[in-house]
Amino acid sequence: IKDDGSRPLLAGDVRETLDRLCAQRDPLYREVAHHVVAVDHVRRKVLTEQVLSLLALDGIDVPAQVAS
């Protein structure tokens, strides 16, 4: 993220600010999430299959061209 002044929340130490914001926001995001998917070290195909499976469990039909 470029420090060009257009993102005032990120003024100063960007890494520290992003870490703090993540720590503050993560519990809120998890509280309202229908599902939480771990993405670290997961291959794209496996991740896609996991997300599509979760959508199917929620009754959301994904068109074939999107799923492939």
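K45 counts as exposed, at 59% relative accessibility, and in this predicted model its side chain meets that of E49 in a salt bridge with an N to O distance of 3.1 Å. E49, for its part, counts as partly exposed at 41% relative accessibility. Side chains of opposite charge can pair when their charged atoms come close.

Because D26 and R30 are four residues apart in helix α1, about one helical turn separates them. D26 is partly exposed, with a relative accessible area of 30%, and R30 is likewise partly exposed, with a relative accessible area of 48%.

The other pair in helix α1, which covers residues 14-32, consists of D19 and R15, again four residues apart and so separated by about one helical turn. Their side chains form a salt bridge with an N to O distance of 4.0 Å. Here R15 is exposed, with a relative accessible area of 57%, whereas D19 is partly exposed, its relative accessible area being 44%.

Methods:
Residues numbered from 1 in each chain as written. Predicted model: local features only at pLDDT ≥ 70, side-chain atom pairs only at ≥ 80, totals over all residues. Heavy atoms only, no water. Helix = DSSP H or I, 4+ residues; strand = E, 2+ residues; numbered from the N terminus. Buried < 20%, exposed > 50% of the residue type's maximum accessible area, 1.4 Å probe, protein only.
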